[in-house]
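I opened a notebook for a structure that was new to me. These are my entries, in the order I looked things up.

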Amino acid sequence: MAGRLGFGEAFSEGRDAGQWLRHLYEESRPRAQEEGIALPSFDDFWQQGVLEYSAPERPQIFLADFRADPQRYPLSTPSGKIELFSATVAGFGYRECPGHPWWDEQEAARQRQEAARWPLHLLSSQPRARLHSQYDHGSVSRATKVQGREPLWMHPSDAQARDIREGSVVKVYNDRGGDSGGGAPERADFARRGTDVHRRLV
């Protein structure tokens with residue numbers, strides 16, 4: 001597509017798929033070395049076909065250096081600390097984005113009005129059988145489908161009120177668009193008026 005739009009060379013940076021694999025792998029070797037992981041050369045890795053290494057001896061702790069010594073290891077924020085307010089974002093002057101967490105009553109009122117027409121709330125959680133959209137074609141991901149579609153989870157009472165059974169194909173939609181999903185086994189632990197479908201971006 002980049003080629004058809006006239007900037008294929010800028011997009012590929014002169015590398016084909018194989019060259020990108022080699023480039024990204026070689027870029028990762030110094031970072032792995034910092035974690036005590038010695039990666040073989042790309043050619044050796046490619047010939048072996050698989051790479052196994054032991055789990056790190058030191059557990060990975062989020063912001064460990066900053067937590068241990070915030071003066072020596074400040075964050076990349078303007079203050080060097082964890083910030084709940086951003087002067088930069090506030091400076092944009094957006095009504096809906098004041099630079100700090102807030103309750104938007106105007107938006108909440110609009111959603112309450114829409115709830116009368118669209119009583120179900122759609123969630124889109126992380127897929128259980130793949131990483132985002134990757135490996136959706138694989139057997140593990142395909143085994144979770146309902147008639148080839150993403151499973152749709154909902155509370156039994158909500159499903160019964162709409163005559164949705166396990167294996168049903170349903171349409172999920174609102175004013176902005178729609179999609180189809182497959183009725184998954186009902187979950188009594190799922191919140192009333194809530195639905196969940198794992199989105200796949202293509």
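**Ground rules.** I am reading a predicted model, where local features need pLDDT of at least 70, side-chain atom pairs count only at pLDDT 80 or more, and totals for chains, interfaces and linings use all residues. Residues are numbered from 1 along each chain as its sequence is written, and side-chain values use heavy atoms, with hydrogens and water left out.

**Fold.** I looked up the elements and found 8 helices and 5 strands in the chain. They are DSSP runs numbered from the N terminus: helices are H or I with at least four residues, strands are E with at least two. Along the sequence I read α-α-α-α-α-α-β-α-β-α-β-β-β.

I then checked burial. Of the 202 residues in the chain, 21% are buried. Buried means under 20% relative accessible area, exposed over 50%, and partly exposed in between, with a 1.4 Å probe and protein chains only.

Next came contacts, meaning heavy atoms within 4.5 Å. Among those between residues at least 6 apart in sequence, 47% join residues at least 24 apart.

**Aromatic rings.** I noted the rule before counting. Rings of Phe, Tyr and Trp (its six-membered ring) pair if their centres lie within 6.5 Å; planes under 30 degrees apart are stacked, over 60 edge-to-face, and the rest tilted. That gives 7 aromatic pairs. Tyr25 and Phe42 form an edge-to-face pair, because their ring centres are 5.6 Å apart and their planes stand at 65°. This pair links distant parts of the chain: Tyr25 is in helix H2 (residues 17–34) and Phe42 in helix H3 (residues 42–48), 17 residues apart.

Are these two residues buried or exposed? Tyr25 is buried, at 9% relative accessible area. Phe42 is buried too, at 7%.

I turned to Tyr25 and Phe45. Their ring centres lie 4.9 Å apart with planes at 10°, so this pair is stacked. It also joins helix H2 to helix H3, across 20 residues. Ring pairs link Tyr25, Phe42, Phe45 and Trp46 into a cluster.

**Charges over rings.** I used this test: NZ of Lys or CZ of Arg within 6 Å of the ring centre and within 35 degrees of the ring normal. The charged end of Arg15 sits over the ring of Trp20, 4.7 Å from its centre. Arg128 has its charged end over the ring of Trp153, at 5.1 Å from the centre.

**Positive phi.** Most residues other than glycine have a negative phi. I found Tyr135 with a positive phi, near 65°. Tyr135 is in the loop between strand E1 (121–123) and helix H7 (139–142). It counts as exposed, at 56% relative accessibility. Asp163 also has a positive phi, near 55°. Asp163 lies in the loop between helix H8 (156–161) and strand E3 (169–174).

**Val169.** I followed strand E3 to Val169. At 38% relative accessibility, Val169 is partly exposed. Which residues does Val169 contact, leaving aside neighbours within four places in sequence? They are Gln147, Arg149 and Gly181. Val169 and Gln147 are 22 residues apart in sequence, and their C-alpha atoms are 7.5 Å apart in space.
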